[in-house]
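Open your viewer and keep the selection tool handy. We will walk through the model one stop at a time.

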Amino acid sequence: MPYVGLSDVQRGRIIANKQGIPHRQIALTLGVSQGVVSKAFARYLELGTLKNKPRQSRRRTTTVRQDRFFLYQIARRNATISYPELQRQLLEATGVRVLVETVQKRLRVQK
């Protein structure tokens, strides 16, 4: 079963119910494990908020400038060039190794 996480409502109930009520009882009421309740309450005490911590996204392999200058210019000059050929030319010109899917995605965004 995939992990879904707590909803904002469930997190709010955990904090609101923490007035002397044991974690086990709150967990039974919400239908989650006692560990989930403990961790949510500890995070609230540590951060002072019910929100999840911000997460970092994956770094881009090519910069916006590389996309604009190289990929789009070559694609415009030769409309029949294949994605693997664009990938190869990008590697030769900049030394940046990208997947064919990345080339497709970058050109799709530009259209």
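Helices here are DSSP runs of H or I with at least four residues, numbered from the N terminus.

This is a predicted model, where local features need pLDDT of at least 70 and side-chain atom pairs count only at pLDDT 80 or more, while totals for chains, interfaces and linings use all residues. Residues are numbered from 1 along each chain as its sequence is written, and side-chain values use heavy atoms, with hydrogens and water left out.

**Stop two: Tyr83**

Now pick Tyr83, which sits in helix H5. Is Tyr83 exposed or partly exposed? Its relative accessibility is 32%, so Tyr83 counts as partly exposed; that class lies between buried (under 20% relative accessible area) and exposed (over 50%), using a 1.4 Å probe and protein chains only. Beyond its neighbours within four places in sequence, Tyr83 contacts Val100, Val103, Gln104 and Leu107.

**Stop three: helix H2**

Select residues 23–30, helix H2, and colour His23, Ile26, Ala27 and Leu30, which are buried. Look down the axis of H2: these buried residues fall within an arc of 100 degrees, so they line one face of the helix. The arc is taken from the directions from the helix axis to the C-beta atoms. On the other side of H2, find Arg24, Leu28 and Thr29, which are exposed. Helix H1 (8–16) and helix H3 (34–47) are among what covers the buried residues of H2.

How values were computed
Helices (H or I, at least four residues) and strands (E, at least two) are DSSP runs, numbered from the N terminus. Contact means heavy atoms within 4.5 Å.
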